[in-house]
Every structure is written in C-alpha cells, then in structure tokens.
Amino acid sequence: MRAALGSTRPLVVRTALVADPGDLLTRLPAAAPHAWIRHGEGLVAWGEAARVSVPPGPGRFDWARDWLSSVFAGAHVDDEAHAPGSGPVAFGSFTFDPASPGSVLVVPRTILARRDGRAWLTTIGEGRLDEITAPRDPGRISYGDGSLTAPEWEHAVAQAARRIRSGRLEKAVLARDLTAVAEHPIDVRLLLSRLAERFPECYTFSCSGLVGATPELLVRRTGETVESLVLAGTTPRGTGPADDAARGAALFASAKDRREHACAIDSVRRTLTPLCAELKIPEEPELLVLPNVQHLASPVTGHLSAGLSVLDVVAALHPTAAVGGTPTRTALQVIRELEGMDRAGYAGPVGWIDSRGDGEWGIALRCAQIDGARARLFAGCGIMGDSDPAAELAEAQAKFRVMQYALEG
C-alpha cells in the first residue's frame with residue numbers, strides 16, 4: 001500500500017476561475033492523465049498530490065472514506081469557484097470484486113474543470129501546467145482471446161441460464177475480456193478524445209490506466225440531491241432508421257429485457273430507500289440510444305439524508321443488479337464460478353469526489369485497462385433463464401466495439 005504523498009503536511013489548495021479552456025482533453029499532458037467528461041464538461045487532471053492503493057475486503061469503502069478524510073482534513077483551501085469539483089478532488093477506481101486488489105484513489109496536483117458555463121483551475125502545492133505534446137497513434141492493433149474463447153464463454157452463458165431456470169437465482173451478469181496489443185505504447189489521451197467525440201452522451205473516464213466511456217451513472221451527489229441512471233436491457237443499433245426503430249420497439253416489448261431491467265431497478269430502490277428522505281423512480285423505462293447500442297434506461301432522483309457523501313452511496317449501491325445479478329450474493333458466486341477471470345476494475349465504481357462529499361461515479365463499462373502497448377478490453381451481458389448464448393455473444397461483441405474504435409479510430 002502506498003501512503004499519501006506529503007500526508008504529514010496539510011494540502012495547500014488554490015482554485016481560481018479561468019477563461020474557457022476549450023476542449024478539456026487537449027489540455028492533458030501525456031503522463032498518467034485522469035478525466036471525467038460528458039458533453040465537453042467535467043474534469044481533467046494530472047500529477048499526484050496523494051495516492052493510495054485501497055486494501056481489498058468488505059470494509060474497503062469505509063477505509064477509503066477515512067483515508068480521504070485524513071488527506072482533506074486541515075487543507076488550506078482558497079476556492080473562487082465554490083462548485084462541485086472545485087477545491088481538492090480525488091479520482092478513484094474500485095475493483096468489481098471486493099476481494100480483488102487494485103482499487104485506487106488519487107488526489108491530482110492539477111485539475112482543470114468546466115461546469116455550467118464556468119471554468120476553473122485547481123492546483124495543489126506545486127501543481128502546474130505541464131508541456132502538452134500531440135498524442136501518438138498506437139499503430140496496428142492485434143487482438144487475441146482473453147480468459148475464455150468465444151465457445152467457452154457461450155458454454156458459461158448456457159450454464160448460467162440453466163442455473164437461473166432451476167430457481168437458484170433470477171439474473172447473472174457474465175463478462176468477457178479481450179486482449180489487444182499495439183505497435184506502439186497506447187496514448188490514453190487519444191482514446192479519450194475519440195471516445196468523447198463518438199459517445200458524447202456517455203461519461204468518458206480515465207483513472208490509473210482504466211479508460212472508457214460508460215453510459216451508466218451509478219450516482220451523482222450535488223449537496224443533498226442524488227441522481228442515478230439505471231441501464232439494463234440492450235440491443236444493437238439497426239442498419240437504418242426503420243431497422244433501428246424496430247429494434248428499439250422489440251427491446252421495449254421484450255419480456256426478458258424488461259424483467260432484467262426490473263431486477264436492476266428493484267436493486268437500486270432497495271438500496272437507496274433507506275438513504276433518502278424522498279426517492280423518485282419512473283414507472284416505465286425509456287430508450288437510451290447510443291451510437292452502437294440501445295438500452296432500457298430509468299433515471300432515478302432522491303433527497304439524501306444529511307451527512308452522507310457520494311462515496312457512502314457508492315458503497316451502498318455497488319454492485320447493482322445491472323452488473324452483478326439478483327440476488328447479489330448468489331450472482332457473485334455464479335460469476336466467480338463461470339467467468340474464469342478477475343474483472344479487475346471492469347463493472348466497478350469509477351469517478352471522483354471532492355472535499356464536500358459531492359461527486360460523480362459511474363460503473364466502469366465499455367472500458368479497457370491500458371498498460372504500455374497492451375490493453376485488456378471488457379464487455380458483459382445480463383443473463384436470464386431464456387438467454388440465448390449466441391445472442392449474448394453478439395451483444396458482448398457489439399460492446400467491445402466501443403474500445404476497438406478508440407484504439408483503431
């Protein structure tokens with residue numbers, strides 16, 4: 001475990017309002033960039049004022065909250081913006097499985113942000129604007145099987161569906177991985193730019209090598225207001241407008257997908273109800289249309305009980321039925337038995353939190369873990385009792401295309 005850098009001295013933090021910086025992603029230096037961008041707004045960051053590897057285990061979110069409190073405590077903050085994401089901010093990525101190592105929190109030295117027509121620059125200690133170089137194309141990409149081949153993964157889907165039909169559980173989410181090797185080291189900034197341009201409705205993120213564009217907002221906390229976007233039920237985009245509309249209508253009418261979505265909504269309702277004085281969940285889902293797929297989506301809003309930070313809500317929500325299954329404990333056991341891999345940060349919480357407890361966290365979907373010239377891509381599908389293994393494989397392949405596009409352009 002790495003302790004906080006400079007943890008013996010309080011942070012000296014300066015947030016100043018600045019002119020509109022334009023495309024935030026073009027301001028990132030090459031070294032270890034962090035990002036959280038949607039529709040051109042959000043935060044980009046670099047450098048490290050503090051960093052820690054969060055110990056695995058059931059109490060990891062409590063441990064992370066306590067560590068953040070110790071780092072932010074006593075900080076000398078001069079904040080002109082007074083907005084969510086101003087002042088000191090930590091970016092974080094948590095592994096899907098609480099027993100897996102790899103969860104991390106980073107307090108960057110420099111943060112550039114834009115929100116609601118205002119922009120600001122935060123520096124901690126010696127935070128500075130580093131030299132910006134042009135991103136380098138990774139060159140030719142070659143792909144290989146991950147932990148399971150396609151036929152092996154289809155077999156795992158069939159086994160999961162059989163266990164669901166036996167009554168052991170209602171739903172399980174099974175993920176696949178795919179390996180990619182590039183000619184040259186992969187520049188995260190190039191991936192971020194391609195993802196943000198192609199998928200503006202999604203949350204384009206980067207944290208410690210985990211890069212992606214997730215459509216699923218796990219939770220946003222702004223003061224006492226919390227918001228979440230529940231996604232479950234997916235179909236690929238059509239070949240044209242008519243086919244697209246037909247696929248969307250079929251998804252909306254699909255008993256399998258509607259039941260999958262209902263499981264996810266029930267999971268969020270059970271979790272958030274004790275934390276909120278008021279909770280609003282729509283009676284019917286809506287269609288979220290992205291460039292590659294369509295989802296059943298339900299926006300959820302609530303009025304949070306006093307004293308809870310965004311990380312407290314993340315701890316309560318993860319893992320949702322949308323990425324784990326129902327009931328949770330049984331689904332996690334099935335995942336460990338059938339997936340044949342460690343998900344690492346895939347389908348885990350990723351996002352940011354400021355010293356006020358505000359923040360935005362998504363579920364790390366449509367993502368890859370980048371390590372030099374290598375990338376590990378992830379995709380997952382919700383399995384129900386009547387799931388068809390070939391159809392689920394096609395859905396996973398459609399989801400892989402997001403990061404394949406980011407790598408190949």
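**Loops, helices and packing**

Proline 319 lies in the loop between helix 6 and strand 19 (325-326). The model discussed here is a predicted one.

Student: What is the omega of the peptide bond from histidine 318 to proline 319?

Tutor: Histidine 318 is found, like proline 319, in the loop between helix 6 and strand 19. The peptide bond that joins histidine 318 to proline 319 is cis. Its omega is near -5°.

Student: Is histidine 318 buried or exposed?

Tutor: Not counting residues up to four places away in sequence, histidine 318 touches Arg60, Thr95, Phe96, Ala347, Gly348 and Pro349. Its relative accessibility is 12%. Because buried means under 20% relative accessible area, histidine 318 counts as buried.

Student: Why is helix 6 described as largely enclosed by the rest of the structure, and which of its residues are buried?

Tutor: Helix 6 covers residues 310-317, and six of its eight residues are buried, so the rest of the structure largely encloses it. The buried residues of helix 6 are Val310, Leu311, Asp312, Val313, Val314 and Leu317.

Student: How are helix 5 and helix 6 oriented to each other?

Tutor: The axes of helix 5 (residues 255-272) and helix 6 come within 9 Å and cross at roughly 130°. The crossing is right-handed. An angle over 145 degrees would count as roughly antiparallel and one from 65 to 115 as roughly perpendicular; helix 5 and helix 6 are therefore oblique.

Student: How many nonpolar, polar and charged residues does the contact of helix 5 with helix 6 have?

Tutor: On the helix 5 side the residues are Val268, Thr271 and Leu272, and they meet Val313, Ala316 and Leu317 in helix 6. By class, that contact has five nonpolar, one polar and no charged residues.

Student: How are helix 2 and helix 7 oriented to each other?

Tutor: Helix 2 (residues 150-165) and helix 7 (residues 328-338) have axes that come within 10 Å and cross at roughly 150°. Because angles over 145 degrees count as roughly antiparallel, helix 2 and helix 7 are roughly antiparallel.

Student: Which residues of helix 7 meet helix 2?

Tutor: The crossing of helix 2 and helix 7 is right-handed. From helix 2, the residues in contact are Ala156, Gln159, Ala160 and Arg163. The contact of the two helices has four nonpolar, one polar and two charged residues. Those from helix 7 are Val334, Glu337 and Leu338.

Student: Against which elements do the buried residues of helix 3 pack?

Tutor: Eight of the 11 residues of helix 3 (residues 188-198) are buried, so the helix is largely enclosed by the rest of the structure. These buried residues include Arg189 and Arg194. They pack against strand 2 (34-38), strand 12 (203-207), strand 13, strand 22 and helix 8 (389-408).

Student: Which residue has its backbone oxygen reached by the side chain of threonine 214 at 2.6 Å?

Tutor: Threonine 214 is in strand 13 (residues 210-214) and, at 0% relative accessibility, counts as buried. Its side chain reaches the backbone nitrogen of glutamate 216 at 3.1 Å. The backbone oxygen reached at 2.6 Å is that of isoleucine 363.

Student: Is arginine 366 buried or exposed?

Tutor: Arginine 366 is found in the loop between strand 21 (359-363) and strand 22 (367-371). Its phi is positive, about 45°, although it is not a glycine. With a relative accessible area of 7%, arginine 366 is buried.

Methods. Residues are numbered from 1 along each chain as its sequence is written. This is a predicted model: local features need pLDDT of at least 70, side-chain atom pairs count only at pLDDT 80 or more; totals for chains, interfaces and linings use all residues. Side-chain values use heavy atoms; hydrogens and water are left out. Helices (H or I, at least four residues) and strands (E, at least two) are DSSP runs, numbered from the N terminus. Buried means under 20% relative accessible area, exposed over 50%, partly exposed in between (1.4 Å probe, protein chains only). A polar contact is a pair of N or O atoms within 3.5 Å; within protein, one must be able to donate a hydrogen and the other to accept it, and residues adjacent in sequence count only if both atoms are side-chain atoms. Axes are lines fitted to C-alpha atoms, for helices over the stretch in contact, and angles run from 0 to 180 degrees between N-to-C directions. Angles under 35 degrees count as roughly parallel, over 145 as roughly antiparallel, 65 to 115 as roughly perpendicular and the rest as oblique. A crossing is left-handed if the near helix is turned anticlockwise from the far one by less than a right angle, and right-handed if clockwise. Contact means heavy atoms within 4.5 Å. Ala, Val, Leu, Ile, Met, Phe, Trp, Tyr, Cys and Pro count as nonpolar, Asp, Glu, Lys and Arg as charged, and the others, Gly among them, as polar.
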